[in-house]
There are 2 protein chains.
Amino acid sequence: MSAEITSSSSLIQLTPIVTRSSSSLPGLVDQTLLADTTMVERTVKTAHSVYEHLIALWAPAIIEAAHDLSVFATLAKEPMDVVRLAQVLQSDLRGMRVLLDALYALGFVQRSYAGDGTQLYSISQELQSCLLPGGIFSLVGKMIYDRRLAWPAWQNFAQAVRTGSADQAGHYGQNQISDSDYEYLVNGINFWAPPSITELCRGLQELEWDTSKAASVLDVGCGTGLYCQLLLQKFQHWTALGLDCERIIPLAISQSERLGVESQFSSRVCDFWQDEWGSNFDLILFANIFHLQTRESARTLVTMASRALAPGGLICIVDHILDDERNAQTSQDRFALLFAASMLATGGGDAYSLGDYDRWFAEADLRRVCVLDTPMHRLLLATHAS
Amino acid sequence: MSAEITSSSSLIQLTPIVTRSSSSLPGLVDQTLLADTTMVERTVKTAHSVYEHLIALWAPAIIEAAHDLSVFATLAKEPMDVVRLAQVLQSDLRGMRVLLDALYALGFVQRSYAGDGTQLYSISQELQSCLLPGGIFSLVGKMIYDRRLAWPAWQNFAQAVRTGSADQAGHYGQNQISDSDYEYLVNGINFWAPPSITELCRGLQELEWDTSKAASVLDVGCGTGLYCQLLLQKFQHWTALGLDCERIIPLAISQSERLGVESQFSSRVCDFWQDEWGSNFDLILFANIFHLQTRESARTLVTMASRALAPGGLICIVDHILDDERNAQTSQDRFALLFAASMLATGGGDAYSLGDYDRWFAEADLRRVCVLDTPMHRLLLATHAS
């Protein structure tokens, strides 16, 4: 594959997008009734906002309890009224009524009326795809991960800050979640892939990278493999190799069959640090891999990628990437800073800045060619510097 | 005090306010990069929203950890860079950097630059008033309450739904939080009072209730007493009696001194159910009292209030009040439905509807004269029916 990127081309700055999205959580404070002229009024208004932050705890608890009680799975089979649902799930009637009301307030269940006036609860198709197990974009894995890991970890966040999650020798580790927890999580974050691949393709187009020729993709730490598999669906003359650990590779294989790209997709159980990756890849993907690294292991990964990259090839990193001022003016910056806190809470990993990546690129004789925004992340493209 | 409300006046419907406030939590998803044309696109967009709900857990954890580590108290004394703050608080440097970044992303700390380019962190005056102990609108009590009660309670929410928080005899209790936890909490929700009192005064004006004459206020379960004390500040010819338990009354007395209304304010340690309230009050306040009740105890409270109310007097109830369809189209409705879930999680209490109150009023020979919205609650005014 010949690249259209000549070594003389300078950094390409794609149109910056200023993001002012507000949270998708429903507002619980009627701001129109809060004045902000006097200091006391501003304090009272601020107190409402602080309170709204503190009770943000409620939403995940309500959604995860509904999952635990099989409310989503049961309502997906057929709409039900609260009496029947409480019977089927052997739950207290009042408790179930309160739960359904709360889910309704959060927009997680819909209400309709049966002929006799009974209120029936149901779940939209889109939410079923997210809240039931088995779907490609199911967040059930994330919910299980939250119940097992996130809640206790966040409750002890002050302790993690105090110690920096360093081990006894003072080293910060790579992210240390267990294989089984990683398996739950990896299935729960597939939804990040489609808009990232859309942006990647936009970037390839703006760079005038020739996508019409056969290309070989390496997906390092592929997880379910969705990032490269979406590319394979789009470019049927491309092939991809996914690398991940023994426990994860079967997920990637079965998903490649589900998406009808199994003939283009191969996979290998691989210890990134010990085993050969192969060489001459046209596109090397790292989706949500770098935030799990220490600075040292991140630098090593970039060097290894440089060695495996074909002339004119591209390295694509999708991750929480900070601008160098650590300013949080966009959703992507805010999410990166908060995700770093999440990493600290659950033990290991970090969010690195553009400057960090640029240094690692330079050391590996690479250079960054563009930065793109995805809904919650940033996407870097880099190529050989010379 | 003569009331301007004649028995012939029908229910007064004040201008309804449609509220479409969005959450004050910062958005973490750049919605502009998510398409919603195809079913897959809508599913992916929905998955981002579900994820944003699940990670809403992070905000309270980050804020409460900063409180636990004395970050707010320390930065309130003087702006500091992360190195100095980590030293002063004997925290890991990287941990503190991650925490400050996260607080910055949430808008809880500000950043400025010292002459030498060092980034200094500080906290706005408004946030200091909310995040430091001692201030009238401090939420420190709410944070302590959260650490002690809310986190473990919400983690077991599925169990509370299953059993309905009923005791072994099958009775739902009144809210059973301990006196010390109530003491923490009562100080942490003062911020609800000022906009509620603003709305109450608006209601009194629209009802043409004569506020120029001396009036006696009874504040049942007064907590810190802020609701009646703000009225006393506004109407210096009014007097108020606050009723609460032994542990809380000292808070109300000292706050009345702080607000300069101690000569108008008296208080009494009182078991609402056993002790006399007195009689002939012009205005009887119940601020956040009814949601702690069972239906039976709520009915009893209304009856007792009716007996203690002067001719032409008003009963004012500020609480989570549902419309009868339990629809959640406004901040107030959503908060009421979610607060009911919170009550279930922490054991007891409920959110009642306008219809419930109207029945209790009718049984006590009272009638509702208006409903007003406050930023997170509703406010009911009722008077003698005949």
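**Close-up views of a predicted two-chain model**

Strand β3 (residues 216-220) of chain A runs parallel to β6(A), the two pairing over three bridges. Here, strands are DSSP runs of E with at least two residues, helices are runs of H or I with at least four, and both are numbered from the N terminus; two strands count as paired if DSSP finds at least two bridges between them. This is a predicted model, in which local features need pLDDT of at least 70 and side-chain atom pairs count only at pLDDT 80 or more, while totals for chains, interfaces and linings use all residues. Residues are numbered from 1 along each chain as its sequence is written, chains are lettered from A and ligands numbered from 1 in the order in which they are written, and side-chain values use heavy atoms, with hydrogens and water left out.

**View 1. Strand β6 of chain A and its partners.** Look for D219(A), whose bridge partner in β6(A) is L285(A). β6(A) also pairs in the parallel sense with strand β7 (residues 309-319) of chain A, this time over six bridges, and there F286(A) has I317(A) as its bridge partner.

**View 2. The whole sheet in chain A.** Seven strands line up as β5-β4-β3-β6-β7-β11-β10 in an open sheet with mixed pairing. β5 (265-269) and β10 (366-373) of chain A sit at the edges with a single partner strand each, so one side of each has no neighbour in the sheet. From one strand to the next, the twist averages 20°.

View 3. Strand β4 (residues 239-244) of chain A and β5(A) pair in the parallel sense over five bridges.

**View 4. Helix α2 of chain B.** How many of the eleven residues of α2(B) are buried? Nine are, in a helix covering residues 58-68; among them are W58(B), P60(B) and E64(B). After the helix comes S70(B), with a positive phi near 65°.

**View 5. Where chains A and B meet.** About 10,500 Å² is buried between chain A and chain B (accessible area lost on being put together, 1.4 Å probe, summed over both), 68% of it on carbon and sulfur atoms. There are six salt bridges between the chains (a side-chain nitrogen of Lys or Arg within 4 Å of a carboxyl oxygen of Asp or Glu). One of these joins the side chains of R97(B) and D350(A), at 3.2 Å from N to O.

Definitions and conventions. Axes fitted to C-alpha atoms, helices over the stretch in contact; angles between N-to-C directions. Buried < 20%, exposed > 50% of the residue type's maximum accessible area, 1.4 Å probe, protein only. Buried area = accessible area lost by both parts, 1.4 Å probe.
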